[in-house]
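Hi,

Here is the structure I promised to pass on. Have a look at it first, and then read on for what turned up.

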Amino acid sequence: MGPQTQQSSKIWTTIDIDAPGKQAGFLMLPLAVHDRSGDDAGYNCEPIPIVTIRNGEGPSVLLMAGNHGNEYEGQIILMKLIRALRCEDVRGRLIVLPGANAPAVRTDRRNSPLDDGNLNRHFPGGPSGGPTSMIAHYIESELLPRVEYVVDLHSGSLTFEYLPCAVVARPTGSDDLNEALTRLRVFGMPIGMIIEHSTGGDGALIGACRRQGVKHLSTELGGGGSVAPRAIEMAEHGLARLLHHVGATSRPLPHWPPPECRLLKRVSSRDYVYADAAERGLFEPLVGLNDTVCEGQVVGNIHFTSTPWRDAEPVIAKADGVVLTRRIPARTGRGDCVFALGRDWVPSSGK
């Protein structure tokens, strides 16, 4: 584990995070600022739910969801887990934040309504910053130094649907890489993705984990503003397998055996598929999640509702790949990403 940040957080807790047993309470985020609506928050606090379970010797694991408030599958998984787990099920310690960016969770938004903060872009944060920065600072300075592992559950929010997958960032050492790939296979989603870094760069939780020497795994579990039952079911069993694999549970929790995991790497964002129509129209996809597309292939059409007699404009893939995400809103125009792609990961290439 890495060194703690020297500046003390202004967030306080209603529980003793280091105490044994099962505890439920809140991180209290001070709101002595004006929020974006112009209301004076005065002495109020935003409660962020937290559950800790500590029992004897073993690893410490931070489980997070609600990093983005409108990604729902992970929140449901962790709420179910904290209700089901008993203290005697755990070896070591679990710290659970089922709604990490609580203001965003409360309002069903990707970003916080208090400061428009995207928590997964605000690490390492600061104790005297805005609300989102304070949450990021608390997680990096107070929670990450206490744990060896982090599992951060994401999905596609309102505008994208993901091919359900588990994700690890590629470590630099070969031994670390093998250990990360083992965790990816144990979690056992049909797709395992290896990335170089988060789209949020060092401001993402992955960057914080690298700074603190914590092993990180995340997910993408669906999205579109709904809840995908199959994705929840797969990830619940994957999380149960992973917790037992790292020694954090005293017995195997009920689970399926892991399915075969296809390892992919995410392509550069310049090789995603973008609409190029100057006028916005309705996007008709011609391929779906997990389909393979080829460079030059027509993967969709944009139909123009203002001039319905006009020919549809084709959307053409500029690179080969497997469809990892698809755009949800039909209204689409130039610059909108309609598909993100991945390619098979080749271990011998080191990429």
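What covers the buried residues of helix 5? The cover includes strand 4 (60–64), helix 3 (131–143), strand 6 (149–154), strand 8 (165–169), strand 9 (191–195) and strand 10 (215–220). Helices (H or I, at least four residues) and strands (E, at least two) are DSSP runs, numbered from the N terminus.

Before going further, a word on the source. This is a predicted model, in which local features need pLDDT of at least 70 and side-chain atom pairs count only at pLDDT 80 or more, while totals for chains, interfaces and linings use all residues. Residues are numbered from 1 along each chain as its sequence is written, and side-chain values use heavy atoms, with hydrogens and water left out.

Back to helix 5, then. Six of the eight residues in helix 5 (residues 205–212) are buried, so the rest of the structure largely encloses it. Buried here means under 20% relative accessible area, exposed means over 50%, and partly exposed is in between (1.4 Å probe, protein chains only). The buried ones are Leu 205, Ile 206, Gly 207, Ala 208, Cys 209 and Gln 212. Just after the helix comes Gly 213, with a positive phi of about 70 degrees. Gly 201 and Val 346 are 145 residues apart in sequence, and their C-alpha atoms are 23 Å apart in space.

Now for the chain as a whole. Its secondary structure comes to six helices and 19 strands. For 351 residues, a compact globule would have a radius of gyration near 20 Å, and the chain agrees with that at 21 Å; the radius is taken over C-alpha atoms, and the globule rule is 2.2 Å times the number of residues to the power 0.38. The C-alpha trace spans about 65 × 50 × 35 Å along its principal axes. Of the 351 residues, 53% count as buried. Among contacts (heavy atoms within 4.5 Å) with a separation of 6 or more, 71% come from residues 24 or more positions apart.

Glu 46 counts as buried because its relative accessibility is 6%. Its side chain makes a polar contact of 3.0 Å with the side chain of Arg 106. A polar contact is a pair of N or O atoms within 3.5 Å; within protein, one must be able to donate a hydrogen and the other to accept it, and residues adjacent in sequence count only if both atoms are side-chain atoms. Leaving out residues up to four places away in sequence, Glu 46 touches Leu 27, Met 28, Leu 29, Leu 31, Ala 102, Pro 103, Arg 106 and Leu 114.

Last stop: the loop between helix 2 (102–106) and helix 3, where Pro 124 lies. A cis peptide bond joins Phe 123 to Pro 124, with omega at about 5 degrees. Asp 108 is found in the loop between helix 2 and helix 3 and has a positive phi of about 55 degrees although it is not a glycine. Asp 116 also lies there, with a positive phi near 60 degrees, again in a residue other than glycine. Asp 108 is partly exposed, with a relative accessible area of 43%, and Asp 116 counts as partly exposed at 37% relative accessibility.

Cheers
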